[in-house]
Amino acid sequence: MSKLLIVGTVAFDAIETPFGKTDKILGGAATYIGLSASKFGIKSGVVSVVGGDFPKSNLEMLQKNNIDTSGIEIKKEGKTFFWSGKYHNDLNLRDTLITELNVLADFNPIVPKAFIDAEFLMLGNLHPAVQMAVIKQMTKRPKLVALDTMNFWMDNTLDELLEVIKKVDVITINDEEARQLSGEYSLVKAAQKIHQMGPKYVVIKKGEHGALIFDSGNVFFAPALPLEEVFDPTGAGDTFAGGFMGYLTKTQNLSFNNMKNAVIYGSNLASFCVEKFGTQKMEVLTQSEIQKRLVQFKDLTQFDIQLD
Ligand code: AMP
């Protein structure tokens, strides 16, 4: 069975949306990626760090979802990474209110032995120096390395981030971040510029407006499923990335056609994530719900047009 190694934050989040507000709840890029990838029945493990304030029950929940947590270091004296954000009425817009790196500030990742030969590597959103340190520990180059990042790291650690971007096959990034990274407004031009930085595949996430994947000659677009209820978009991008990589780890087919399916699987899983606050929905999501919604996705995007 192929293995997926996931690096990213395991965090506390405090979130405010037009529909409600939460105190510190479980969040973090690696948490969402792991829960999403776990739906594919693959072997996955997380490398991250938390503080002594992190409840054991959260780690147990990840383990119950078949995620190996032996790479999550617990720094008893430290505090867990904390992020707080507030969404506008347009849920595609959010302001970061607080980012406290805490134990992440001087984190030295150690990849567990069982994962140093993982065939698939997902470098979730966190300090690019940590992403690079993980790449360097892999005994052989994974078949596919994907990276996700955000404006915080572009603003604060751009040079280190560009060094990691050089080394990856896929980058997943949202539209505004693609514009910031490339300096181009057009997403087509942005994708071309980002290709030149290293990644063969550029995935641009557009929230409720779907996602695009580009390679050097092809482009594919998947809409987001129109939903009746959207409570909290937090983690949707990471859930997308977890679904994308989980599907590729399971199928091991890296053709552009299969990447299109991976984008659909990622979009499908992200549509569940936003229906409840935090990780609530992803923790209990069943295979039959996933399959049912895939059919809806197919119906939404299929048409039979007569071409002359
Ligand atoms: P998303 O909504 O997919 O962009 O991801 C939201 C998650 O990213 C939250 O659970 C946060 O804990 C985490 N997060 C927020 N800011 C950062 C950051 N600068 N580095 C790493 N993870 C972050």
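This is a predicted model: local features need pLDDT of at least 70, side-chain atom pairs count only at pLDDT 80 or more; totals for chains, interfaces and linings use all residues.
Which atom of G235 lies 2.7 Å from an oxygen atom of the ligand? The answer is a backbone N or O atom of G235.

## The ligand and its shell

There are 20 residues around the ligand, and those that come nearest are D13, G28, R94, G235 and D238.

| Residue | Atom on the protein side | Distance to a ligand oxygen atom |
|---|---|---|
| D13 | N or O atom in the side chain | 2.4 Å |
| G235 | backbone N or O atom | 2.7 Å |
| D238 | polar side-chain atom | 2.7 Å |

The ligand taken alone exposes 510 Å², and the protein buries 94% of that area. By class, the residues of the shell divide into 10 nonpolar, seven polar and three charged ones. Three elements, β2 (11-17), α4 (151-156) and α8 (236-251), each contribute at least two residues to the shell. The greatest contribution comes from α8, with three residues.

In soluble globular proteins, nonpolar side chains tend to be buried together. In this model, the largest nonpolar core contains 55 residues, and L4, M122, I213, F244, M245 and L248 have the most contacts inside it. Helix α9 (residues 256-273) gives the most to this core, namely nine residues. Apart from it lies another core, made of 46 residues, including F107, I165, L181 and A191.

I213 illustrates how residues from separate parts of the sequence meet. When neighbours within four places in sequence are left aside, I213 is in contact with Y201, V202, V203, N218, V219, F220, F244, F256, M259 and V263.

## Helix α3

The buried residues of helix α3 (residues 128-137) are P128, V130, Q131, M132, V134 and I135. These buried residues pack against the strands β1 (3-7), β5 (43-51), β9 (120-123) and β10 (144-148), and also against α4 and α5 (158-165).

T31 is located in helix α1 (residues 29-37). Why does T31 count as buried? T31 counts as buried because its relative accessible area is 1%, which is under the 20% limit. A polar atom of its side chain lies 2.8 Å from the backbone oxygen of G27. Beyond its neighbours within four places in sequence, T31 is in contact with T9, V10, A11, L26, L62 and T279.

T239 is found in helix α8, the helix that gives the most to the shell around the ligand. T239 has a relative accessibility of 0% and therefore counts as buried. Not counting residues up to four places away in sequence, T239 touches Y32, S36, G266, L269, A270, C273 and M282.

K3 lies in strand β1, one of the elements against which the buried residues of α3 pack. K3 has a relative accessibility of 14%, so K3 also counts as buried. The side chain of K3 reaches the backbone oxygen of A114 at 2.7 Å. With residues up to four places away in sequence not counted, K3 touches K43, A114, F115, D117, A118, E119, F120 and T249. K3 and K292 are 289 residues apart in sequence, and their C-alpha atoms are 27 Å apart in space.

Conventions. Residues are numbered from 1 along each chain as its sequence is written. Side-chain values use heavy atoms; hydrogens and water are left out. A nonpolar core is a set of buried Ala, Val, Leu, Ile, Met, Phe, Trp, Tyr and Cys residues joined through side-chain atoms within 4.5 Å. Buried means under 20% relative accessible area, exposed over 50%, partly exposed in between (1.4 Å probe, protein chains only). Helices (H or I, at least four residues) and strands (E, at least two) are DSSP runs, numbered from the N terminus. Contact means heavy atoms within 4.5 Å. A residue is near a molecule or strand if one of its heavy atoms lies within 4 Å of it. A polar contact is a pair of N or O atoms within 3.5 Å; within protein, one must be able to donate a hydrogen and the other to accept it, and residues adjacent in sequence count only if both atoms are side-chain atoms. Accessible areas come from the Shrake-Rupley method with a 1.4 Å probe; for residues, only the protein chains shown count as cover. Ala, Val, Leu, Ile, Met, Phe, Trp, Tyr, Cys and Pro count as nonpolar, Asp, Glu, Lys and Arg as charged, and the others, Gly among them, as polar.
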